[in-house]
Amino acid sequence: MPTLIFDCDGVLADTERYGHLPAFNQTFEELGLPVRWSDDDYREKVLIGGGKERMASLLTPEFVAANGLPEDEDGRRAMLADWHKRKTTIYTALVASGALPGRPGIRRIVAEADASGWGLAVASTSAEPSVLAVLEHVVGSELAGRFAVFAGDIVAHKKPAPDIYLLALDQLDISADDGVVIEDSGNGVRAAVGAGLRTVVTVSAYTADEDFTGASLVVSSLGDPDEPARVIDAPAGVRPGPLVTLDDLAAVLAAPRP
């Protein structure tokens, strides 16, 4: 049977703006670091795949010296792991508080796919506890239990490298012709397309202006009755109505790759 493979951040929920950004900033505050990322700052940071990698972007020689941080590679690696662990705890608490509502159409399409016997998976290089918290919050514990989850530091290279999707295909024991990916970013599209997968983009707060070359369909969201989807681009020729349905995703899967 075909399988839906979801990215997490920006796809299941608008996690970047309302979850990760405040969690990063609270972590920096607790650590006593003179860093507070603005919305514009973070729009650039999301182009870096992985939370630890975003934190590591701070570590210029000047910043390290000014803040008394470890100068050796092992020390920095351990420090970043500690920083990221605390950030993940803060983020997971935000998710549990209900601060990150699911994006339109996610719960609907997951329920429809499950009822039709489709496989369900998440492929994200975010920390696994963060992904599991968002998944359960957005679709509920019963549907969350149907998902195969591929998350965290389980591949050598993060998006836009295809590693996480190649791992998912291998572990799910499916071919690229059996999977449809739901992504929200240019990096995510490059990763999915690099693994040979057909990809639907639901643009999110920070990604609307990115390059989605290779995607089969680009929409504002999957759509719900009170927030209909809008087709932005349809390279594969599939043009959903106000709700992206499982039939639409099956048509994407059947269509030639762009």
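How many aromatic pairs does the structure hold? The structure holds 7 of them, where rings of Phe, Tyr and Trp (its six-membered ring) pair if their centres lie within 6.5 Å, and planes under 30 degrees apart count as stacked, over 60 as edge-to-face and the rest as tilted. One of these pairs is formed by F24 and F28, whose ring centres are 6.3 Å apart and whose planes meet at 20°, so the pair is stacked. The model is predicted, with local features needing pLDDT of at least 70 and side-chain atom pairs counting only at pLDDT 80 or more, while totals for chains, interfaces and linings use all residues. Residues are numbered from 1 along each chain as its sequence is written, and side-chain values use heavy atoms, with hydrogens and water left out.

Both F24 and F28 belong to helix 1 (residues 15-31), where they are 4 residues apart, about one turn of the helix; helices (H or I, at least four residues) and strands (E, at least two) are DSSP runs, numbered from the N terminus. F24 is buried, at a relative accessible area of 0%, and F28 is likewise buried at 0% (buried means under 20% relative accessible area, exposed over 50%, partly exposed in between, with a 1.4 Å probe and protein chains only). Together with W37, Y42 and Y206, these two residues form one aromatic cluster. Y206 also has R17 over its face, at 5.0 Å from the ring centre (a charge sits over a ring if NZ of Lys or CZ of Arg is within 6 Å of the ring centre and within 35 degrees of the ring normal). K87 is placed over the face of Y91, at 5.1 Å from the ring centre.

Two backbone details deserve a look. K159 and P160 are joined by a cis peptide bond, with omega about 20°, and P160 lies in the loop between strand 3 (148-151) and helix 9 (163-172). D173, a residue other than glycine, has a positive phi near 60°. This residue, D173, sits in the loop between helix 9 and strand 4 (179-183) and is exposed, with a relative accessible area of 69%.

Finally, the pocket linings can be described. The largest pocket is lined by 37 residues, of which D9, E16, G50, R54 and S126 lie nearest its centre (a pocket is an open set of points on a 1 Å grid over the protein atoms alone, where a 1.4 Å probe fits, with protein on both sides within 12 Å along at least five of seven lines; lining residues have an atom within 4 Å of a point). Elements giving two or more residues to this lining include helix 1 and helix 5 (73-96).
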